[in-house]
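Please look over the sequence and the three-dimensional structure shown here, and then read the report that follows, which goes from one part of the structure to the next.

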Amino acid sequence: MTDTDDILRVNDLSTRFFTEQGQVNAVDELELRIERGEVFGIVGESGSGKSVTARSVIDLIDAPGEIVDGEIWFDDAELAERVREDAPDAVDGSFVDLLSVSSAVRQSLRGTSFSMIFQDPESSFNPSLTVGEQLAEAVEVQRRASANPRSTKAKTDSAEYSFGNLLLSTVLPSQQFVTEESRERAIELLELVGIPDPVERADEYPHEYSGGMLQRAMIAQALAGEPDVLIADEPTTALDVTIQAQILDLLDDLQTETGMTILLITHNLGVVARMCDRVGVMYAGEIVERGTLEDVFDDHVHPYTEGLLGSIPELGGANGQLEPIGGNVPSLLDHEMEDRCHFADRCPMAMEDCLDHPPEFDAAGSEDHTVRCVLATQSYTEREALPPNYFGDAERPAGEKHAEPAHSDGEQPAERTRTTISDSGGESR
Ligand SMILES: Nc1ncnc2c1ncn2[C@@H]1O[C@H](COP(=O)(O)OP(=O)(O)OP(=O)(O)O)[C@@H](O)[C@H]1O
Ligand code: NI
């Protein structure tokens, strides 16, 4: 339908956890499209399903979790060639549905096609091996995979890493087989991520690194296989503000240099504003609004997006105050979820129509701007508003009088008055 250069198209993705408390609908019929070379942000409160979405894409969902439905189309012509014979239904042109290929194929993509960095770098390193050894090992694993003719991605330099070369590998005390080339590449990677004195630092253990330096080393590890898509899950949350800024700059530079695609997960719209090209706002396992930065920051329709914007001091919120969104993140337990807009019980503009689960509507702005909210097609009216105590005693904020309809006729909407979800209605009438 569009001529965009998508690298990833996620359709109808549903991931569940089957727990003793019941079925958790962590990701529900999620739609996502990521363009090659862009930084796409997923933003939302804790528990909205951001990490489960990312882990579903990279195939890191473990029991009791399971991807129960959906398609994850990944654009890779070589992979398409490779799986076409065994799984013709998994191939559409140069796209491959990662949920329809064998787990061996999916696993072969880890590191070379997809790579992930996390909030806590400690979890990515073995404390008893030097950082250099571990990076060299990561390089080695990826090079062996690339040297394999059946691998997804025969890298241009893979000929150098022939079987003969592997036989010449040195055995380190750690029992890892690491070649001199891999070690050199490890040092290059440390240099690439801005670690000073990389030759010396390569021989240090993870505990000798500061938090920020270890975060850099983890990024180096993730880059060892030259991934097409880097998934960064709250990569800076645990760091202090100055270091956070440095790591974001580093990711930004690396993205520019390598052209890789980044899926960036954060609860911070400030980080999104700084890093991303497009963004999806997640709530209760769904993307409730998505589009370009302009769509989401300046032209948003969903009161939840509005609430998130109001909760970030640098971006608004009266006199720089952090204003939390009132009410609680919903339970994602299937038997506690109702078939309505999941945000309705916290929404200052909830109306009768919100008792039906909203589909994705197109909204004004870019072609990509969509929203799961009836305000995309109708204006808020007090006549149709749900009473404040409709969902019980929870302090649902009072209605907002000034909302304009998001026009569906291509006309720009009138300037919307900013609302703050936590503002429980100083102007009630
Ligand atoms: N291993 C698991 N077992 C059971 N439920 C899980 C598991 N992992 C995640 N969930 C549930 O899935 C839902 C989404 O979790 P997820 O970690 O994706 O949220 P998030 O948006 O990344 O939040 P945060 O900002 O806190 O990282 C939550 O309700 C969570 O309890
Ligand atoms: Ni998370």
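Around ligand 1 there are 16 residues, and those that come nearest are Ala 26, Ser 46, Lys 50, Ser 51 and Val 52. The elements β1, β2 and α1 each supply at least two residues of this shell, and α1 gives the most, with three residues. It should be kept in mind that all of this is read from a predicted model.

The protein chain as a whole has twelve helices and 15 strands, and of its 429 residues, 45% count as buried. Among contacts between residues at least 6 apart in sequence, 67% join residues at least 24 apart.

Some of the strands form an open sheet of eight, with mixed pairing, in the order β7-β10-β11-β3-β12-β13-β15-β14. The edge strands are β7 and β14, each of which pairs on one side only. Helix α8 packs on the sheet, where it touches β7 and β10, and the direction of α8 makes about 170 degrees with that of β7. Strands of a sheet pair through backbone hydrogen bonds, either parallel or antiparallel. In this sheet, β3 and β11 run parallel and are joined by five bridges, and the bridge partner of Phe 40 in β11 is Leu 263.

The residue ranges of several elements named in this report are listed below.

| Element | Residues |
|---|---|
| Strand β1 | residues 6-19 |
| Strand β2 | residues 22-35 |
| Strand β3 | residues 39-43 |
| Helix α1 | residues 50-57 |
| Strand β7 | residues 114-117 |
| Helix α8 | residues 211-223 |
| Strand β10 | residues 229-233 |
| Strand β11 | residues 261-266 |
| Strand β14 | residues 361-362 |

The largest nonpolar core has 103 residues, and those with the most contacts inside it are Val 96, Leu 135, Leu 190, Ile 231, Leu 263 and Val 281. Helix α8 contributes the largest share of this core, namely eight residues. Because domain 1 (123-226) and domain 2 (305-429) both give residues to the core, it lies between them. If residues up to four places away in sequence are not counted, Leu 135 touches Ala 186, Leu 189, Leu 190, Ala 220, Gln 221 and Ala 224.

Methods. Residues numbered from 1 in each chain as written. Chains lettered and ligands numbered in written order. Predicted model: local features only at pLDDT ≥ 70, side-chain atom pairs only at ≥ 80, totals over all residues. Helix = DSSP H or I, 4+ residues; strand = E, 2+ residues; numbered from the N terminus. Buried ≥ 20, exposed ≤ 12 C-beta atoms within 10 Å, placed from the backbone. Contact = placed C-beta atoms within 7 Å. Pairing = 2+ DSSP bridges. Axes fitted to C-alpha atoms, helices over the stretch in contact; angles between N-to-C directions. Core = buried A, V, L, I, M, F, W, Y, C linked by C-beta atoms within 7 Å. Domains from an automatic or database assignment. Near = placed C-beta within 6 Å.
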